[in-house]
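Here's a quick tour for anyone meeting this structure for the first time. Have a look at the sequence and the model, then read on.

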Amino acid sequence: MSMKITWLKRLSVMPLMLAYGLTQVSGLQAQELPDPGPKDTCPVCGMFVAKYPEWIGTVLYMDGHAHHFDGAKDLFKYLHDLQKWAPNHQASEIDRIAVTEYYSLGRIDARSAFYVIGSDVLGPMGHELIPLESLADAEAFLQDHQGVAILKFDQVDKALLLNLDVGVFE
């Protein structure tokens, strides 16, 4: 499967690493994260997050406050524009970022996950970044579900997210 994503190779990872912090705990445990309540809504799209437990993304701040998302795509939109979606929060205040892993349905460290785009699996908001814990799982998912590309956290930018919204994977 070939996809022209050379622009991804040109991305500089340093600004994102600095913006999101370098002190991520690699052994993220689900019990370390609060679950969304029945009235918690995604700050990006307004959907009730608890209705979609297989898609939950979470940003946990150092003060214990959490924002939950109905998929990795909205979580990334939030991270790329905190001033819009969370004007009272700073990237430097983020303690952990988690996504729900496709196969285990457990929440994993978003920074170490692998994301498949362009697959035949849709999330609550349509085309989605499908989080997987290992490269082997991501490669198998890509093959099994006609995916287009595997990305890492620092390869997801605003343009990619806008393209996902309209079903474009190049």
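**V59 and its surroundings**

Setting aside neighbours within four places in sequence, V59 is in contact with H65, A66, H67, F69, L75, Y78, L79, I94, R96 and I97. Keep in mind that this is a predicted model. From here, let's look at the cores, then a pair of helices, then the aromatic rings.

**Nonpolar cores**

- V59 turns up again in the largest nonpolar core, which has 32 residues.
- Along with V59, the residues with the most contacts inside that core are F76, Y78, Y115 and L129.
- Which elements give two or more residues to this core? They are β1 (57-61), α3, β3 (94-100), β5 (114-117), β9 (149-152) and α6.
- Helix α3 gives the most to this core, with five residues.
- There's also a second, separate core of nine residues, and V116, V121, I130 and A138 are among them.
- As a bit of background, nonpolar side chains tend to be buried together in soluble globular proteins.

**Helices α3 and α6**

- Two packed helices are described by the angle between their axes and the distance between the axes.
- Here, helix α3 covers residues 72-80 and helix α6 covers residues 158-165; their axes come within 10 Å and cross at roughly 145°.
- The crossing of α3 and α6 is left-handed.
- On the α3 side, the residues in the contact are K73, F76, K77 and H80, and they meet K158, L161, L164 and D165 in α6.
- Sorted by class, this contact has three nonpolar, one polar and four charged residues.

**Aromatic rings**

- How many aromatic pairs are there? The count comes to six.
- One of the pairs is F76 with Y115, arranged edge-to-face, with 5.3 Å centre to centre and 85° between the planes.
- This pair links distant parts of the chain: F76 sits in helix α3 and Y115 in strand β5, 39 residues apart.
- Are F76 and Y115 buried or exposed? Both are buried.
- Y102 and Y103 also form an edge-to-face pair, with 5.2 Å centre to centre and 75° between the planes.
- Y102 is partly exposed, because its relative accessible area is 26% and so falls between the 20% limit for buried and the 50% limit for exposed.
- Y103 is partly exposed as well, with a relative accessible area of 40%.

Methods:
Residues are numbered from 1 along each chain as its sequence is written. This is a predicted model: local features need pLDDT of at least 70, side-chain atom pairs count only at pLDDT 80 or more; totals for chains, interfaces and linings use all residues. Side-chain values use heavy atoms; hydrogens and water are left out. Axes are lines fitted to C-alpha atoms, for helices over the stretch in contact, and angles run from 0 to 180 degrees between N-to-C directions. Helices (H or I, at least four residues) and strands (E, at least two) are DSSP runs, numbered from the N terminus. A crossing is left-handed if the near helix is turned anticlockwise from the far one by less than a right angle, and right-handed if clockwise. Contact means heavy atoms within 4.5 Å. Ala, Val, Leu, Ile, Met, Phe, Trp, Tyr, Cys and Pro count as nonpolar, Asp, Glu, Lys and Arg as charged, and the others, Gly among them, as polar. A nonpolar core is a set of buried Ala, Val, Leu, Ile, Met, Phe, Trp, Tyr and Cys residues joined through side-chain atoms within 4.5 Å. Buried means under 20% relative accessible area, exposed over 50%, partly exposed in between (1.4 Å probe, protein chains only). Rings of Phe, Tyr and Trp (its six-membered ring) pair if their centres lie within 6.5 Å; planes under 30 degrees apart count as stacked, over 60 as edge-to-face and the rest as tilted.
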